[in-house]
Structure formats: structure tokens, C-alpha cells
Amino acid sequence: MDVRITVLPGDGVGPEVTAEAVACLKSVAERYGHRFEFQEALIGGAAVDATGDPLPEATLKACQGSDAVLLGAVGGPAWDKHPRDQRPESGLLRLRKALGLYANLRPVSVHPALEDASPLKPEVVRGTDLMFVRELSGGLYFGEPRSYSDQAAVNTLAYTRAEVERVAKMAFELASSRRKRLTSVDKANVLETSRLWRKVVDDLAPAYPDVAVQHAYVDSFAMSLITRPRDFDVVLTENLFGDILSDEAAVLAGSLGLLPSASLGGSVGLYEPIHGSAPDIAGQDRANPIGTILSAAMLLRHGLNLTAEAAELEAAVDQTLREGHGTGDLKGARQAHGTRSLGACVRERLA
Ligand code: ATP
Ligand code: MG
């Protein structure tokens with residue numbers, strides 16, 4: 001299989017973690033006789049420094065012309081004071097929008113060898129296996145009007161039926177392929193957008209008779225998520241709630257550095273770890289590469305339909321963790337590694 005993958009290393013630890021994931025993809029391609037062609041492009045602060053634009057035209061073109069995009073992370077203190085359209089994060093928002101990515105998938109599971117890495121009790125987190133589906137291109141982050149002055153500021157929360165329906169369908173399909181439970185999270189007792197959200201989910205439910213649907217209010221769900229995480233399977237929610245809840249869920253897994261994501265909906269998907277650019281540890285060979293390597297596995301599965309290859313990469317990560325290897329972000333007694341040597345551990349277990 002001939003495939004073109006655009007790699008956007010970005011800022012901070014981004015280049016370090018994407019390098020390990022790309023090396024894993026190369027190992028997988030070699031084992032299976034695929035030809036993966038990698039092309040690097042600038043995004044975020046690195047792109048601002050080089051071109052003045054966090055999403056240069058050449059980067060967008062490269063992404064649109066490829067089969068999948070692998071991203072590290074964007075942002076950092078160096079660009080925090082830039083005007084909004086020159087901030088690294090705005091480049092990423094524009095890329096998601098331009099690629100039509102309306103659904104962000106974030107699997108959160110608790111590895112048996114890492115039950116002690118979470119600040120929560122092992123008996124609470126044990127066996128957790130969640131799939132968050134976050135609406136990514138609408139809601140409060142994009143709604144107009146939007147304005148700011150020192151005396152008053154405005155953001156707008158708006159959703160159309162079509163916007164809710166397409167992301168909800170994806171969640172139903174995922175639930176159907178998993179443990180057949182869908183929890184839709186909203187604030188329907190207060191927000192009109194949430195009333196519509198609930199109505200659309202209920203209207204779709206009869207088309208998926210094998211999926212049990214449950215609605216939850218975001219405030220009480222925030223508690224349930226860390227008191228009884230095992231009770232949930234697929235969690236569907238809007239942009240803002242999903243942003244907050246999926247970071248909260250990262251606590252279950254033990255480290256931000258472990259978790260992958262896939263942004264889907266358009267013809268090209270974007271795969272990235274859920275952590276940020278981690279400027280405090282950048283350039284020190286300390287970042288955990290597992291979240292990015294698992295994002296590469298999601299790229300294989302969702303972007304290229306290479307299911308066996310994805311499973312093999314996930315199995316190599318699983319074995320690495322089971323044998324007690326890890327980076328410094330994972331609490332507990334472990335064989336300490338840097339970014340590069342942990343990446344090498346995973347690749348050795350592919351062979
Ligand atoms: P963003 O605003 O881009 O989401 P953030 O403010 O949420 O970023 P991160 O950059 O994700 O923050 O970092 C939060 C903390 O987690 C930092 O202390 C960072 O060092 C740590 N961290 C993030 N990613 C990793 C990783 N891959 N390995 C180890 N530690 C990490
Ligand atoms: Mg964050």
C-alpha cells in the first residue's frame with residue numbers, strides 16, 4: 001500500500017514525540033511491505049517564527065494532499081502575547097476547520113500495569129475503557145458573535161441539528177462496535193443547545209437498537225467519571241464539555257503523556273497526542289512518546305484502514321508497559337527511560 005503521511009512536529013516536545021511515532025510507523029510499514037512516504041511541514045509557533053503565520057498555505061496544501069496527518073503539539077510561552085491570529089493554537093483550529101474535522105475521538109483506558117500511576121484508587125480505575133467523542137468544529141469555540149472589550153465580552157454557543165447529528169452518528173457507530181453503551185453528556189436543564197443535542201440523540205437512537213443510550217448532565221457526569229469510570233463506554237459531548245472532560249479523564253490513565261486522539265470527519269484525519277507542547281520538559285528527552293505512538297496506531301486504523309498493523313503497534317505498547325518500562329511522568333517503580341529509549345522499546349517489541 002502506497003501512502004503519504006504529513007508530519008507536523010510543531011512546538012515544545014512535539015518534534016521529539018513525533019520522531020518516535022514516525023519511527024514506529026516506518027517499522028510497521030517495513031514489516032508489512034507498505035510504502036509510507038513522510039513529508040514534514042510547519043505549524044504553530046515554529047511556523048509563526050519562520051513565516052509569520054501559524055498555518056502557512058504550504059502546510060494546509062500538504063495536509064490536504066495526504067492520506068493522514070500526524071501532529072505533535074503546538075504552543076508555548078514564547079507566543080502567548082501574540083495577537084490571536086498569530087497564536088500557535090489558532091493555526092491548529094484553522095487546520096481542523098479546513099480539513100472538516102468535526103469529531104475528536106479520545107480513547108482513555110487504564111493499563112493493568114499502571115493502576116498505581118493514577119492518584120485515584122486502583123480499585124476505582126481498574127478496567128476503565130472509555131471512548132470520548134467530542135464535537136470539534138462548532139459550539140462555543142466558533143460561535144458568532146464574538147467580541148472582547150475591557151468592560152464586556154461575548155461568546156456564542158450555537159449548534160444546528162446537522163452538526164449534532166453527524167457527530168452523534170459516529171458515536172453510535174463506535175458504541176455499536178464496542179460495549180454498546182452510549183452516554184450523551186449535556187446541560188439540557190439550562191442550555192437550549194443541549195435540549196437540541198438531547199433531542200437529536202433520541203431521534204437517532206431507534207436506528208441503533210443494539211446501543212443503550214443514557215443522558216447525563218455535565219456537572220454530575222464530571223463526578224461519575226472519576227468515581228465510577230468503569231460504568232461508561234462511549235461518551236458523546238459538545239466541544240467545550242469534551243475539552244474539559246477528556247482532560248479530567250486523563251487522570252484515570254495516570255499521565256497526559258499516554259493518551260492519543262484522532263480528529264475525523266473530512267477526507268483526511270488528524271492524529272495527535274492529547275497533551276500540549278510541555279515547554280517545561282522540551283528538548284530534554286523526557287517526554288512520554290506513548291500518546292503519540294498510540295495516535296499513530298489510530299492513524300493506521302481510522303486513517304488507512306490497516307487494522308492488523310494498528311493492533312500490532314498497540315500490542316507492542318501494551319507489552320512495553322506490562323514489562324514495567326516508562327518515562328518519568330509515570331508514578332511508581334518502573335524502568336526509567338527517556339523519550340528515545342522508550343520509543344526504541346516499543347519498536348523492539350514490534351519485531
Ligand atoms: P495545552 O494548552 O497545549 O493543552 P497544557 O497547558 O494543557 O497545554 P501540557 O503542555 O499538556 O499543558 O503540559 C501539562 C503538564 O503535563 C506539564 O507539566 C508537562 O510537562 C506534562 N506533560 C505533557 N505532556 C507530557 C508528555 N508527553 N510526557 C511527560 N509529561 C508531559
Ligand atoms: Mg491542555
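Visitor: In which loop does Asp-285 have its place?
Guide: The model is a predicted one. Phi of Asp-285 is near 55°, a positive value in a residue other than glycine. The place of Asp-285 is in the loop between strand S12 (269-273) and H10.

Visitor: Does Asp-285 count as buried, partly exposed or exposed, and what is the reason?
Guide: A residue is buried with 20 or more other C-beta atoms within 10 Å of its own, and exposed with 12 or fewer. Asp-285 has 14 C-beta neighbours inside 10 Å, so this residue counts as partly exposed.

Visitor: How does Asn-305 count, buried or exposed?
Guide: Asn-305 is found in the loop between H10 and helix H11 (307-322). Its phi is positive, about 60°, although Asn-305 is not a glycine. Because Asn-305 has 10 C-beta neighbours inside 10 Å, it counts as exposed.

Visitor: Which strands stand at the edges of the open sheet of 10 strands?
Guide: The strand order is S2-S1-S3-S12-S11-S4-S5-S10-S8-S9, with mixed pairing. A strand at the edge has a single partner strand, so one side of it is left without a neighbour in the sheet. The edge strands are S2 (35-40) and S9 (212-217).

Visitor: What is the average twist from one strand to the next in this sheet?
Guide: The sheet is open and its pairing is mixed. From one strand to the next, the twist averages 25°.

Visitor: At what angle does helix H9 run to S5?
Guide: Helix H9 (residues 239-253) lies across strand S4 (103-109), strand S5 (129-135), S8 and S10. Its angle to S5 is about 160°.

Visitor: With which residues is Val-133 in contact, leaving aside its neighbours within four places in sequence?
Guide: Beyond four places in sequence, its contacts are Ala-103, Leu-105, Val-167, Met-170, Ala-171, Leu-174, Val-234, Val-235 and Leu-236.

Visitor: What is omega for the peptide bond that joins Glu-144 and Pro-145?
Guide: Pro-145 is found in strand S6 (residues 143-148). The bond joining Glu-144 and Pro-145 is cis, with omega at about 0°.

Terms used:
Residues are numbered from 1 along each chain as its sequence is written. Chains are lettered from A and ligands numbered from 1 in the order in which they are written. This is a predicted model: local features need pLDDT of at least 70, side-chain atom pairs count only at pLDDT 80 or more; totals for chains, interfaces and linings use all residues. Two strands pair if DSSP finds at least two bridges between them. Helices (H or I, at least four residues) and strands (E, at least two) are DSSP runs, numbered from the N terminus. Axes are lines fitted to C-alpha atoms, for helices over the stretch in contact, and angles run from 0 to 180 degrees between N-to-C directions. Two residues are in contact if their C-beta atoms, placed from the backbone, lie within 7 Å.
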